[in-house]
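Here is a briefing on one chain and its fold. Look over the sequence and the model, then read the points by topic.

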Amino acid sequence: MRLAYLTDQLLPQTATDTEYMMSTVAAFGEVGADVTLVKPQHWLDPDPGRDAIAEYYQVAPTFDVATVRSVYPNIRGLEKVAQGIVAPQHPGARRADVLYTYTLPILLGALLGGTRPIVYETYRPWPEQQPWSAPFFRWVARHPRFLGAVLHSEHARSSYEDAGLSSDALLAARAGYDPDRLSPRLSTTEARARCGLSDRRTVTYTGRVTMEKGLGRMLDMARALPDVQFVIVGSEGNGEVEQKASRLDNVRIVPWQPFDAMTLYLYAADVLLIPPSTTPLKEVGNTVLPMKTFPYMAAGRAILAPDSPDLQELLRDGENAALVPPDASDAAIRRLRHLLNAPDLRRRLGTAARRTIENHTWPRRAERILSFIQTRMDARAS
């Protein structure tokens, strides 16, 4: 299958959605698809080639790269619209059997002006978050060149089905993890030494460092548990989180790390934290079944997370994680204190999480998606 993955993102960059994208692109190539990544062209800097992009994201170079120039790519809003117009017209897109995109303007441009069938992938339950979008997606679903949608969670998939899209055109394909990044496995003591951390009990968060990710809850925990070391990995500046953390002696802010180095901080933790807040899912809407969940589980450490509908798809309270009501700081602090004082419980939860996730690798996910695409193409041809 010849597949063109169309994006409006300048690469490489630290944004989590680009890591998701490149893990998917590389996995498609790894399992046998002929993949071309069609991306915006850099204007002021030399364009990184395929190997440089693959090295940055630490994925196999199993794909080709083509660039397309539109408006100035650093004007984000304009570039999204412009790439929606020009990317589906690129020769790499016209040669493909199927187009694939993470971007609504590209989806719309491909349906209105393209020539090839297209698959749309997203983590967002748009019809739930923006009810006015339901008629638009019903129109998309009726278009003869729309093959289907790949959603990152059952929570997101059900929102499109509830909006009237056929279940046959919807695939819930959760994220994956790369087992190579988890090797070699380290003890907490070994990992803390390599990270330059003290050997105190440690709670770790990795990912985007903003208050919108619920990190205010983590800072509340740090204030309540001054004898515990809290580590926040992924800082790219001196924002509100960094400023508030600087006033707490037991909080360590770590800059954004390459993906393999980030794994060391997972192994350094006694507890891995997904902040127990409704903000990412309900208020901001930009985090649904967060990608960090998968390497967290694969690392085999205890996880403390909110009892939210997306996370419940993988995490079960008392079985492979400790789940607490979102936005209930006192309950979260009590549960964290209990976890930190119960090493046998932490080991049991971490081992169960690792077993739960062991088959959720990127190549297996890619195989499921390609099978879905082929089934949709066969149905379209019959």
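Helices (H or I, at least four residues) and strands (E, at least two) are DSSP runs, numbered from the N terminus. This is a predicted model: local features need pLDDT of at least 70, side-chain atom pairs count only at pLDDT 80 or more, and totals for chains, interfaces and linings use all residues. Residues are numbered from 1 along each chain as its sequence is written, and side-chain values use heavy atoms, with hydrogens and water left out.

- Seven strands form an open sheet in the order 3-2-1-4-5-6-7, with parallel pairing. Two strands pair if DSSP finds at least two bridges between them.
- The edges are strand 3 and strand 7. Each has a single partner strand, so one side of each lacks a neighbour in the sheet.
- From one strand to the next, the twist averages 25 degrees. Axes are lines fitted to C-alpha atoms, for helices over the stretch in contact, and angles run from 0 to 180 degrees between N-to-C directions.
- Strand 1 pairs with strand 4 (residues 98-101) in the parallel sense, over four bridges. Within this pair, L3 stands opposite V98.
- Helix 1 packs on the sheet and touches strand 1, strand 2 (34-40), strand 4 and strand 5 (118-122). Contact means heavy atoms within 4.5 Å. The direction of helix 1 makes about 155 degrees with that of strand 2.

**Helix 1 against helix 17**

- Two packed helices are described by the angle between their axes and the distance between the axes.
- The axes of helix 1 (residues 16-30) and helix 17 (residues 362-381) come within 8 Å and cross at roughly 75 degrees.
- That angle makes helix 1 roughly perpendicular to helix 17. The cut-offs are under 35 degrees for roughly parallel, over 145 for roughly antiparallel, 65 to 115 for roughly perpendicular, and oblique for the rest.
- Helix 1 contributes Y20, S23, T24, A27, F28 and E30. These meet W362, P363, R365, A366, I369 and L370 in helix 17.
- The contact residues divide into eight nonpolar, two polar and two charged. Here Ala, Val, Leu, Ile, Met, Phe, Trp, Tyr, Cys and Pro count as nonpolar, Asp, Glu, Lys and Arg as charged, and the others, Gly among them, as polar.

- Five of the five residues of strand 8 (residues 202-206) are buried, so the strand is largely enclosed by the rest of the structure. Buried means under 20% relative accessible area, exposed over 50%, and partly exposed in between (1.4 Å probe, protein chains only).
- In a regular strand the side chains alternate between the two faces of the sheet.
- Both faces of strand 8 are covered. T202, T204 and T206 are buried on one side, V203 and Y205 on the other.
- Strand 8 pairs in parallel with strand 9 (residues 229-235) over five bridges. Y205 stands opposite I232 in strand 9.
- The chain runs from strand 8 through helix 10 (residues 215-224) to strand 9 as a right-handed β-α-β crossover. Right-handed means that, with the strands pointing away from the viewer, the path from the first strand over the helix to the second runs clockwise.
- Two bridges join strand 8 to strand 11 (residues 271-273), and these strands run parallel. T204 has L272 as its bridge partner in strand 11.

**Strand 9 onward**

- Strand 9 and strand 10 (residues 251-255) also pair in the parallel sense, over five bridges. F230 stands opposite V251 in strand 10.
- Strand 9, helix 11 (residues 240-245) and strand 10 make a right-handed β-α-β unit.
- N238 lies in the loop between strand 9 and helix 11. N238 is exposed, at 55% relative accessible area.
- N238 and V209 are 29 residues apart in sequence, and their C-alpha atoms are 9.7 Å apart in space.

**Backbone points to check**

- A cis peptide bond joins L11 and P12, with omega about -5 degrees. P12 is in the loop between strand 1 (2-6) and helix 1.
- The S183 to P184 bond is cis, with omega near -5 degrees. P184 is in the loop between strand 7 (170-172) and helix 9 (188-195).
- Q58 is not a glycine, yet has a positive phi of about 55 degrees. Q58 sits in the loop between helix 2 (50-57) and strand 3 (64-68), and is partly exposed at 26% relative accessible area.
- D327, not a glycine, has a positive phi of about 70 degrees. D327 lies in the loop between strand 13 (322-324) and helix 15 (329-340), and is partly exposed at 29% relative accessibility.
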